[in-house]
Amino acid sequence: MQAPYFAFGDLEEGEDGTIRGAFASEQAIGYERGPIASAEIGRHLAILGSCAAAARSGAERVYYLATKARYSKLSDARYQGTGREFQALSEVLKQDRRSLAAQAVVGGDDGPFAHLHCEYQALSAPVFARLFEDFRTEQRFIPDGSPYRHPIALTFQEPRGRVLTARSQPLPPVRCAGHFLDYPAWPIAIIAETITQVVTRLLHHIVGREVDYSVVRTDIAALKLVSAASELLFEVESLSASRALSHYAFSARVKREGEVVVSFETELQV
């Protein structure tokens with residue numbers, strides 16, 4: 001990982017093996033309530049977990065592919081605009097040559113407000129190069145500023161009951177700059193942010209108006225690393241919708257040529 005996908009201004013290793021880092025928010029939060037979008041939190045905290053692992057692994061280059069993650073809201077915090085700096089802390093829970101589990105929290109002036117538990121597949125550089133040789137490009141893509149400030153463009157279908165589908169175009173390599181250098185691939189955090197666009201639109205369709213919401217919990221599973229050259233289909237379904245409790249749950253499947261590559265579930269409080 002390199003800038004701009006890697007966005008920590010500084011990192012500090014604690015005596016207890018933790019890694020502490022600071023970053024500034026980039027993405028607009030849209031209709032989410034809170035200081036920073038949940039998908040962006042997932043991006044930074046997943047990176048910090050891999051940093052905690054790298055600090056324990058020595059000089060060997062290892063690729064950490066996030067395969068499962070759970071985001072949990074810890075407390076309410078106010079939105080104060082993009083560019084706000086946040087502090088994050090991560091620790092390794094379990095690590096071997098093939099896998100990693102880490103957890104991290106992010107907070108501001110009032111303490112931690114979100115937690116991420118993340119599991120990764122660990123691949124040595126030669127194994128990663130062999131598995132994803134079809135992704136490789138010799139061309140370097142240098143963005144004008146961070147491409148992660150802007151959402152992915154989608155083409156939406158009309159809702160069918162409580163189901164909404166949207167389609168993306170292939171991701172220009174510059175849109176994943178710094179993520180697995182020389183191997184342009186859809187970052188899982190960007191897929192999560194794109195799913196959130198579809199969830200938001202379906203929520204508004206169900207409620208009948210535009211509403212803000214808090215993300216209480218999100219589970220995501222990345223079944224395959226997907227080339228940036230792939231067009232993706234985002235299918236979101238409402239699992240439950242309670243106006244009385246102001247609680248809504250959604251599931252999503254992301255498909256590439258009919259194959260499910262990412263699954264996703266989230267709970268929202270309106």
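## Surface, fold and cores of a predicted chain

The accessible surface of the chain comes to about 13300 Å², and 47% of it belongs to carbon and sulfur atoms. Accessible areas come from the Shrake-Rupley method with a 1.4 Å probe; for residues, only the protein chains shown count as cover. This is a predicted model: local features need pLDDT of at least 70, side-chain atom pairs count only at pLDDT 80 or more, and totals for chains, interfaces and linings use all residues. Residues are numbered from 1 along each chain as its sequence is written, and side-chain values use heavy atoms, with hydrogens and water left out.

**Overall build**

The chain has three helices and 12 strands. These are DSSP runs, numbered from the N terminus: helices are H or I of at least four residues, strands E of at least two. The radius of gyration is 18 Å, close to the 18 Å from the globule rule for 270 residues, so the chain is as compact as a globular protein of that length. That radius is taken over C-alpha atoms, and the rule is 2.2 Å times the number of residues to the power 0.38. Along the principal axes, the C-alpha atoms fill a box of roughly 55 × 45 × 35 Å.

Of the 270 residues, 48% are buried. Buried means under 20% relative accessible area, exposed over 50%, and partly exposed in between (1.4 Å probe, protein chains only). Contact means heavy atoms within 4.5 Å. Among contacts between residues at least 6 apart in sequence, 70% join residues at least 24 apart.

**Cores**

The largest nonpolar core has 66 residues, and Ile195 and Phe250 have the most contacts inside it. Such a core is a set of buried Ala, Val, Leu, Ile, Met, Phe, Trp, Tyr and Cys residues joined through side-chain atoms within 4.5 Å. Helix α3 (residues 188-207) gives the most to this core, with 11 residues. Another core, of 10 residues, lies apart from it; Phe135 and Leu225 are among its members.

| Residue | Relative accessibility |
|---|---|
| Leu164 | 0% |
| Ser25 | 6% |

Leu164 sits in strand β8 (residues 163-168). The C-alpha atoms of Leu164 and Asp76 are separated by 29 Å.

Ser25 lies in the loop between β2 (19-24) and α1 (38-57). Leaving aside neighbours within four places in sequence, Ser25 is in contact with residues including Ile36, Glu40, Gly81 and Phe86.
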